[in-house]
Amino acid sequence: MLRGTWIPLPSGLRPSVLGALIGLAVVLAIASSSFARLKPIARAMIEALETVNQIGLGLAIEDYEASERAARSLRNQAKNLKKIDIEIFGLNPARNAEFDGYLTAMEETADVIAAAAKKEDAHAALEGLAQLFQSACLACHREFREPAKLLRPPVLYMMNFFNAWREMNRGLAMNDFALVERQAREVATASRTLQRDSAIESTFDIHEPQEREEFEGYLRHLTQRAGEIERAAVEGDAKKATWAMRKMWEDGCISCHEKFR
Ligand code: HEC
Ligand code: HEC
């Protein structure tokens with residue numbers, strides 16, 4: 001996913017954009033080492049999502065080679081997942097073949113997308129993407145994720161944080177400060193909403209008052225850093241925004257994960 005993330009470098013890049021990209025590379029380097037600590041299936045899934053985004057980005061800027069490369073990488077991700085016994089993911093080992101069936105669908109649709117991108121056929125590639133969602137991602141989630149209640153509220157909250165964080169990176173890379181600002185505000189709002197004893201208790205199942213206080217402390221860091229990112233984005237200051245994002249990652253995301261995940 002973030003490891004080896006490919007960032008398009010259009011010609012005629014302005015120095016400020018280049019600065020943001022270098023900052024982004026730093027943020028991503030930090031992120032990739034920390035994502036190594038996620039649960040294996042969550043990591044694989046976030047990687048898959050990131051790769052799908054790369055396919056989409058390549059199509060959007062008509063960099064078909066990038067889309068093709070990403071589609072091939074997605075295919076390999078599916079292939080590698082097949083080698084793992086699903087018991088490791090906490091799933092019923094008797095359903096291994098069924099699980100692998102969805103991964104085969106993922107490989108096949110990734111192939112369709114790669115072939116379409118090679119022919120520079122955006123329409124066929126988009127159709128392949130729709131097919132990928134239907135026959136692989138959503139189909140497997142319906143069977144394996146929802147029934148197992150894996151889509152629990154804390155994970156939902158966290159996926160929101162993660163998506164916002166990723167969008168902020170994208171905003172920085174594209175010099176789209178409005179996007180960075182919007183996403184930072186979203187993190188701040190969600191984080192503030194969680195900063196209530198009742199929310200922490202019911203969503204994250206943390207009952208010890210002292211632990212709740214500590215948890216809340218990390219959320220306060222998150223809110224504060226998100227506010228800094230938002231202000232930097234309003235000022236159009238990529239350097240400051242990058243710095244605040246890095247601090248948000250360290251003081252908010254990682255610190256809390258080390259203690260509570
Ligand atoms: C073979 C089954 C399977 C396929 C195919 C699959 N997923 Fe998943 N996905 C899962 C399971 C199981 C979970 C729940 C993991 C957990 O939370 O423990 C999950 C969770 C996720 C998550 C949330 C991470 C989390 O921790 O809950 C994202 C994002 C995701 N999948 C994206 C995708 C995308 C995008 C695709 C298609 C390119 C895809 N998945 C294909 C089984 C699958
Ligand atoms: C206040 C504590 C806290 C903060 C701050 C926090 N997280 Fe989390 N995060 C958690 C907990 C607890 C879990 C485990 C949830 C579960 O599985 O029940 C988690 C899980 C996750 C997951 C799901 C994958 C997995 O392995 O469980 C992702 C992705 C994630 N966090 C991303 C982020 C990002 C990105 C940020 C910062 C923008 C962030 N988190 C900030 C506490 C936090």
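The questions and answers below concern a predicted model.

Student: How many helices and how many strands does the protein have?
Tutor: Because the model is predicted, local features are considered here at pLDDT of at least 70. From the N terminus on, the elements run α-α-α-α-α-α-α-α-α-α. The protein accordingly has ten helices and zero strands.

Student: What percentage of the residues of the protein count as buried?
Tutor: A residue is buried if 20 or more other C-beta atoms lie within 10 Å of its own. For the 261 residues of the protein, the share that counts as buried is 28%.

Student: Among contacts between residues at least 6 apart in sequence, what percentage join residues at least 24 apart?
Tutor: Two residues are in contact if their C-beta atoms lie within 7 Å. Among contacts in the protein between residues at least 6 apart in sequence, those joining residues at least 24 apart make up 63%.

Student: Are helices α3 and α4 roughly parallel or roughly antiparallel?
Tutor: Helix α3 spans residues 64–82 and helix α4 spans residues 96–118; their axes lie 8 Å apart, at an angle of about 165 degrees. Angles over 145 degrees count as roughly antiparallel. That angle therefore makes α3, relative to α4, roughly antiparallel.

Student: Is the crossing of α3 and α4 left-handed or right-handed, and how do the residues of their contact divide by class?
Tutor: α3 passes α4 in a left-handed crossing. Residues including Ala71, Leu74 and Ala78 in α3 meet residues of α4, among them Leu103, Met106 and Ala110.

Student: How many charged residues has the contact of α4 with α5?
Tutor: The axes of α4 and α5 are 8 Å apart, and the helices pack at an angle of about 170 degrees. The two helices are therefore roughly antiparallel to each other. Among the residues that meet are Tyr102, Ala105 and Ile113 in α4 and Gly128, Leu132 and Cys140 in α5. This contact has 17 nonpolar residues, four polar residues and, as to charged residues, none: no charged residues.

Student: Which residues come nearest to ligand 1?
Tutor: Helices α2 (40–60), α4, α5 (122–145) and α6 (153–173) each supply at least two residues of the shell around ligand 1. By class, this shell has 19 nonpolar, one polar and two charged residues. Of the 22 residues around the ligand, those that come nearest are Ala42, Met45, Tyr102, Cys137 and Cys140.

Student: Is Cys137 buried or partly exposed?
Tutor: Cys137 is found in helix α5. Its C-alpha atom is separated by 8.8 Å from that of Leu103, 34 residues apart along the chain. A residue needs 20 or more C-beta neighbours within 10 Å to be buried. Cys137 has 19 such neighbours inside 10 Å, so it counts as partly exposed.

Student: At roughly what angle do the axes of α6 and α7 cross, and what classes of residue make up the contact?
Tutor: The axes of α6 and α7 come within 8 Å and cross at roughly 160 degrees. The two helices are therefore roughly antiparallel to each other. The contact includes Phe161, Ala164 and Gly171 of α6 and Phe177, Val180 and Ala184 of α7. Its classes are twelve nonpolar, three polar and three charged residues.

Student: Is Gly171 buried or exposed?
Tutor: Gly171 lies in helix α6. Leaving aside neighbours within four places in sequence, Gly171 is in contact with Asp176, Phe177, Leu179, Val180 and Gln183. The C-alpha atoms of Gly171 and Gln183 are 9.1 Å apart, with the two residues twelve apart in sequence. Because Gly171 has 24 C-beta neighbours inside 10 Å, it counts as buried.

Student: What is the value of phi of Glu120?
Tutor: Most residues other than glycine have a negative phi. Glu120 is found in the loop between α4 and α5, and it is partly exposed, with 14 other C-beta atoms within 10 Å. Its phi is positive, near 55 degrees.

Student: Where is Asn175, and what is the value of its phi?
Tutor: Asn175 has its place in the loop between α6 and α7 (177–194). With 16 other C-beta atoms within 10 Å, Asn175 is partly exposed. Asn175 is a residue other than glycine with a positive phi, near 60 degrees.

Terms used
Residues are numbered from 1 along each chain as its sequence is written. Chains are lettered from A and ligands numbered from 1 in the order in which they are written. This is a predicted model: local features need pLDDT of at least 70, side-chain atom pairs count only at pLDDT 80 or more; totals for chains, interfaces and linings use all residues. Axes are lines fitted to C-alpha atoms, for helices over the stretch in contact, and angles run from 0 to 180 degrees between N-to-C directions. Helices (H or I, at least four residues) and strands (E, at least two) are DSSP runs, numbered from the N terminus. Angles under 35 degrees count as roughly parallel, over 145 as roughly antiparallel, 65 to 115 as roughly perpendicular and the rest as oblique. A crossing is left-handed if the near helix is turned anticlockwise from the far one by less than a right angle, and right-handed if clockwise. A residue is near a molecule or strand if its C-beta atom, placed from the backbone, lies within 6 Å of it. Ala, Val, Leu, Ile, Met, Phe, Trp, Tyr, Cys and Pro count as nonpolar, Asp, Glu, Lys and Arg as charged, and the others, Gly among them, as polar. A residue is buried if 20 or more other C-beta atoms lie within 10 Å of its own, exposed if 12 or fewer, and partly exposed in between; C-beta atoms are placed from the backbone.
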